[in-house]
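Student: I'd like to walk through this one with you. Can we start once it's on screen?

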Amino acid sequence: MQHDKILILDFGSQVTQLIARRVRETHVYCEVHPCDVSSDWVRQFAADGKLKGVILSGSHASVYEVDDRAPDAVFELGVPVLGICYGMQTMAAQLGGKVEGSHSREFGYAEVRAHGHTALLKGIEDFSTPEGHGMLKVWMSHGDKVTELPPGFKLMCSTGSCPIAGMADETRRFYAVQFHPEVTHTVQGAALLNRFVREICGAQADWIMRDHIEEAVQKIREQVGDEEVILGLSGGVDSSVAAALIHRAIGDQLTCVFVDHGLLRLNEGDMVMDMFAGKLHAKVVRVDASDLFLGELAGVSEPEQKRKIIGRLFVDVFKAEAEKLKASGQGHKGATFLAQGTIYPDVIESGGAKSKKAVTIKSHHNVGGLPEQLGLKLLEPLRDLFKDEVRELGVALGLPREMVYRHPFPGPGLGVRILGEVKKEYADLLRRADAIFIEELRKFTDEATGKTWYDLTSQAFTVFLPVKSVGVMGDGRTYDYVVALRAVQTSDFMTADWAELPYALLKKVSSRIINEVRGINRVTYDVSSKPPATIEWE
């Protein structure tokens with residue numbers, strides 16, 4: 001792969017992924033690696049001549065309490081370096097400056113004054129003061145601060161409580177900021193990172209998904225050769241794009257196994273089969289395992305236990321189908337590769353967990369230990385891509401936009417959107433109610449933007465509540481189930497605000513669900529943001 005690249009060293013920040021996403025948005029390739037890689041590793045990474053710059057991430061730790069340092073080679077390669085928050089502090093400490101704990105910590109919105117017209121900030125501002133000082137609206141999150149500049153550095157920006165909020169050594173092209181340009185709250189953050197990556201580092205904008213197809217196809221062919229591949233097709237974005245890409249590369253050497261666990265959205269199974277078997281002419285084995293899954297879930301109400309049962313059964317069913325195919329010789333003579341829709345955030349999280357640098361918020365797994373259990377080699381053609389890049393790739397591969405840009409759907413499906421015990425009756429009611437909600441979101445257009453409310457929300461779904469309420473229909477009393485509608489808006493899914501859907505839309509959805517789904521007589525709307533709530537209910 002002959003792309004210019006940026007190296008991002010992760011010191012354990014929860015938002016390091018956002019740095020990488022912002023760099024990718026400039027169409028420049030980047031990779032995230034733990035901060036404790038060796039200087040020799042860094043030199044090897046730069047050996048192809050394609051490394052154009054290094055970014056040092058933030059951290060939850062203090063420079064003077066831990067020994068997390070940037071490898072010395074970072075400052076010896078002759079490429080530009082940008083330090084962010086902790087990255088700025090370790091740069092200062094390693095190059096001869098001083099860092100101390102601050103009596104006045106800064107968390108949240110701040111206004112930063114720029115100094116010195118440095119190459120990084122020149123011409124970038126949100127407003128100027130009557131005195132003519134350029135100001136930036138930024139997001140701060142720090143308790144320590146640089147109190148003495150390293151030799152060769154000059155002041156780049158400051159706040160009232162943080163006199164050194166940015167510093168620069170323009171001779172060596174070393175820059176550092178105490179605020180976080182990667183988060184959307186820093187208004188000019190994207191412009192700052194674009195300036196660093198494209199202009200200061202001089203990286204070429206050649207990381208483009210439509211051009212990536214040919215590169216990815218060639219890589220798959222080289223890896224697989226004339227061997228065969230089996231893939232667990234869930235109908236979700238990642239597995240669907242992975243299947244389309246692999247099929248483009250090796251055709252009938254790929255067999256997809258689609259396990260229907262009875263907890264999919266309305267008509268989803270038929271849609272998957274129509275797309276992959278019908279339009280792409282891929283080999284797809286559809287397994288109806290709904291009775292097995294629902295039987296095992298009977299009487300189970302604890303969310304984590306439900307997830308584990310569904311995950312275990314998927315592995316069991318997939319293994320059984322793989323063995324059947326191998327024994328029959330149909331579909332494949334015996335796959336030697338298991339394909340997965342692993343994407344780059346999964347890779348970063350796994351790396352962070354191994355290095356112990358990041359504070360773990362949640363555990364991640366894809367399809368458990370299937371590769372080891374089946375004795376198969378792993379094929380992960382999307383492992384270098386973020387979700388938005390996977391979607392772009394899917395459209396470029398010819399998948400329908402409405403499939404590729406669907407809202408996220410949990411692996412356990414409706415099993416974690418039915419609170420408490422999972423029953424077929426509940427799943428059937430929820431499927432129909434959810435389909436109505438999504439249909440109306442796709443139809444209802446916002447006049448100000450011209451977009452549908454489905455496109456204006458990041459995730460929207462219906463939750464089945466295991467309670468009944470009294471209602472009146474016609475002249476009769478009803479005692480039926482309750483559902484909750486959930487719709488959120490977010491840029492990164494780390495935080496989310498509930499979507500202020502128009503009353504007219506909510507009224508239409510509620511009316512349709514109550515009138516068309518017999519068994520539901522009350523509809524509520526969830527107005528909780530994340531945090532303190534989560535996006536999913538379970």
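Tutor: One definition before anything else. Helices (H or I, at least four residues) and strands (E, at least two) are DSSP runs, numbered from the N terminus. With that, H180 lies in the loop between β10 and α4 (189–200).

Student: What kind of model is this, and what pLDDT do local features need?
Tutor: It is a predicted model: local features need pLDDT of at least 70, side-chain atom pairs count only at pLDDT 80 or more, and totals for chains, interfaces and linings use all residues. Residues are numbered from 1 along each chain as its sequence is written, and side-chain values use heavy atoms, with hydrogens and water left out.

Student: Back to H180. Buried or exposed?
Tutor: H180 is buried, with a relative accessible area of 6%. Buried means under 20% relative accessible area, exposed over 50%, and partly exposed in between (1.4 Å probe, protein chains only).

Student: What is H180 in contact with?
Tutor: Leaving aside neighbours within four places in sequence, H180 is in contact with V15, I84, C85, W139, S141 and T186. Contact means heavy atoms within 4.5 Å.

Student: Which residues does UniProt list for "active site"?
Tutor: The unreviewed UniProt entry lists C85, H180 and E182 under "active site". They gather at one spot, because no two of their C-alpha atoms are more than 11.0 Å apart, although they span 98 residues in sequence. A caveat on UniProt: positions are given in the numbering used here, feature names are shortened, and annotations may be inferred rather than shown by experiment.

Student: I84 came up as a contact of H180. Which way does I84 point from β4?
Tutor: In strand β4 (residues 81–84), L82 and I84 point one way. V81 and G83 point the other way, and all four are buried.

Student: Which strands pair with β4?
Tutor: Strand β3 (residues 51–56) pairs with β4 in the parallel sense over three bridges. Strand β10 (residues 174–177) also pairs with β4 in the parallel sense, over four bridges. Two strands pair if DSSP finds at least two bridges between them.

Student: New topic. Which residues are in the "binding site"?
Tutor: UniProt, again an unreviewed entry, lists S234, G235, G236, V237, D238, S239 and S240 for "binding site".

Student: Where is G236, and how does G236 count for accessibility?
Tutor: G236 sits in the loop between β11 (229–232) and α6 (237–250). G236 counts as partly exposed, because its relative accessibility is 24%.

Student: And S240?
Tutor: S240 lies in helix α6. S240 is buried, with a relative accessible area of 1%. Not counting residues up to four places away in sequence, S240 touches L233, G235, F276, L399 and M403.

Student: How do α5 and α6 cross?
Tutor: The axes of helix α5 (residues 209–224) and α6 come within 9 Å and cross at roughly 70 degrees. That makes α5 roughly perpendicular to α6. The crossing is right-handed.

Student: Cut-offs, please.
Tutor: Axes are lines fitted to C-alpha atoms, for helices over the stretch in contact, and angles run from 0 to 180 degrees between N-to-C directions. Angles under 35 degrees count as roughly parallel, over 145 as roughly antiparallel, 65 to 115 as roughly perpendicular and the rest as oblique. A crossing is right-handed if the near helix is turned clockwise from the far one by less than a right angle, and left-handed if anticlockwise.

Student: Which residues meet there?
Tutor: On the α5 side, I213, A216, V217, I220, R221 and V224. They meet L245, I246, R248, A249 and I250 in α6.

Student: Which sheet holds β11, and what is the strand order?
Tutor: An open sheet of five strands, in the order β13-β12-β11-β14-β15, with parallel pairing. The edge strands are β13 (283–288) and β15 (377–379), each pairing on one side only. Neighbouring strands are turned by 25 degrees against each other on average, direction ignored.

Student: Where does α6 pack?
Tutor: On that sheet, touching β11, β12 (254–260), β14 and β15. The direction of α6 makes about 160 degrees with that of β11.
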